[in-house]
Amino acid sequence: METLRLPENEPFVVAVDVPARFPIGRLLKLEDFRFLSIQRGTARVEIDFREYELRAGSLLIMGAGFFFQCLEASDDLTISYLAFNHEIWIETTSIINPSFFAFLKEYPVAHSLPERDIMKYRHMSYAIQEFYEDRDNCFRTQIVKNFIQNFLMEGYNKSKALFLCRDSHNTTRQEELLERFIQLLFEHSATQRDVQFYADRLCITTRYLLVVTRRLTGESPKKIIDTRCVQEIKMLLRTTRDSMQEIAFRLGFPDQSLFARYFKKHTGMMPIAYRNQDKPSWKDN
């Protein structure tokens, strides 16, 4: 069974403790949604052109339209995963706040899950696998949808908890601001790189936004914005044939020269060099 593809005519699939079958070096655009937990081994991957090191205990949550590339993987890489189609995604997420998805897209990988959480995901995976194989159960799909909602809530909660650097006894308000900032970033990062824009939308000062992001993430809002914008640029360079001038215009840069300097400042490479470094071709999964 291919790790990154749903079986034909199946709305969902689950597998527990199976060898990971990632095509090394091939850029894929995912067509469905999936949770992956690393059981053994290590891997280095790109998700939406941001690099992650995976190890035992890592949890990934990826949606349709995400770009995925496995750069390298150990021979013993073993995973458990749950994948499901767009219809199930829509039904199971209709009651969830949009900031939930913006946060998960920005931070799709959680590391170093406690052993009790790893075991919880394994038990849930085994339960779903039983229903997946029980094709005579008339409630099979609905039961799996309920499990998927649980996975989503748990995955989001763990991702956020592991990402946030809690150094305050009462950060609820600040966490809400951070989630709203991430949601705005997800919506506008292609063209808005000014911290003031996001502070204005949040009705706070740029200084307070700095306090929030520093306290909860250890990063400045400008660093978070630039990281996301560079991701957008990489995606366009790798997945389109647009010229440098067209990309610069599309992303709101006043000219191609400023666009090139911005990209080089944050990556150490000129945009054309990044596009041509290995001339990767991408394919829909």
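**Helix packing**

Mentor: Helix H8 (residues 221–239) and helix H10 (residues 256–267) have axes that come within 11 Å and cross at roughly 115°. Axes are lines fitted to C-alpha atoms, for helices over the stretch in contact, with angles from 0 to 180 degrees between N-to-C directions. Helices (H or I, at least four residues) and strands (E, at least two) are DSSP runs, numbered from the N terminus. This is a predicted model, in which local features need pLDDT of at least 70 and side-chain atom pairs count only at pLDDT 80 or more, while totals for chains, interfaces and linings use all residues. Residues are numbered from 1 along each chain as its sequence is written, and side-chain values use heavy atoms, with hydrogens and water left out.

Trainee: How are H8 and H10 therefore oriented to each other?

Mentor: H8 and H10 are therefore roughly perpendicular to each other (65 to 115 degrees).

Trainee: Which residues make the contact?

Mentor: H8 contributes Asp-226, Cys-229, Val-230, Ile-233, Lys-234 and Leu-237, and H10 contributes Phe-259, Tyr-262, Phe-263, His-266 and Thr-267; contact means heavy atoms within 4.5 Å. By class, seven of these residues are nonpolar, two polar and two charged. Ala, Val, Leu, Ile, Met, Phe, Trp, Tyr, Cys and Pro count as nonpolar, Asp, Glu, Lys and Arg as charged, and the others, Gly among them, as polar.

Trainee: Turning to H5 and H7, at what angle do they pack?

Mentor: H5 and H7 pack at about 100°, with their axes 10 Å apart. That makes H5 roughly perpendicular to H7. In H5, Gln-174, Glu-175, Leu-177, Leu-178 and Phe-181 meet Tyr-208, Leu-209, Val-212, Thr-213, Arg-215, Leu-216 and Thr-217 of H7. This contact has seven nonpolar, three polar and two charged residues.

Trainee: And H6: which of its residues are buried?

Mentor: In H6 (residues 195–202), Val-195, Phe-197, Tyr-198, Ala-199 and Leu-202 are buried, meaning under 20% relative accessible area with a 1.4 Å probe, protein chains only. Their cover includes helix H5 (172–188), helix H7 (206–217) and H8.

Trainee: What caps the N-terminal end of H6?

Mentor: Asp-194 does, with a side-chain oxygen 3.0 Å from the backbone nitrogen of Gln-196. Just after H6, Cys-203 takes a positive phi of about 60°.

Trainee: How many helices and strands does the protein have?

Mentor: The protein has 11 helices and 10 strands, and buried residues make up 51% of its 285 residues.

Note on methods. Angles under 35 degrees count as roughly parallel, over 145 as roughly antiparallel, 65 to 115 as roughly perpendicular and the rest as oblique. Buried means under 20% relative accessible area, exposed over 50%, partly exposed in between (1.4 Å probe, protein chains only). A polar contact is a pair of N or O atoms within 3.5 Å; within protein, one must be able to donate a hydrogen and the other to accept it, and residues adjacent in sequence count only if both atoms are side-chain atoms.
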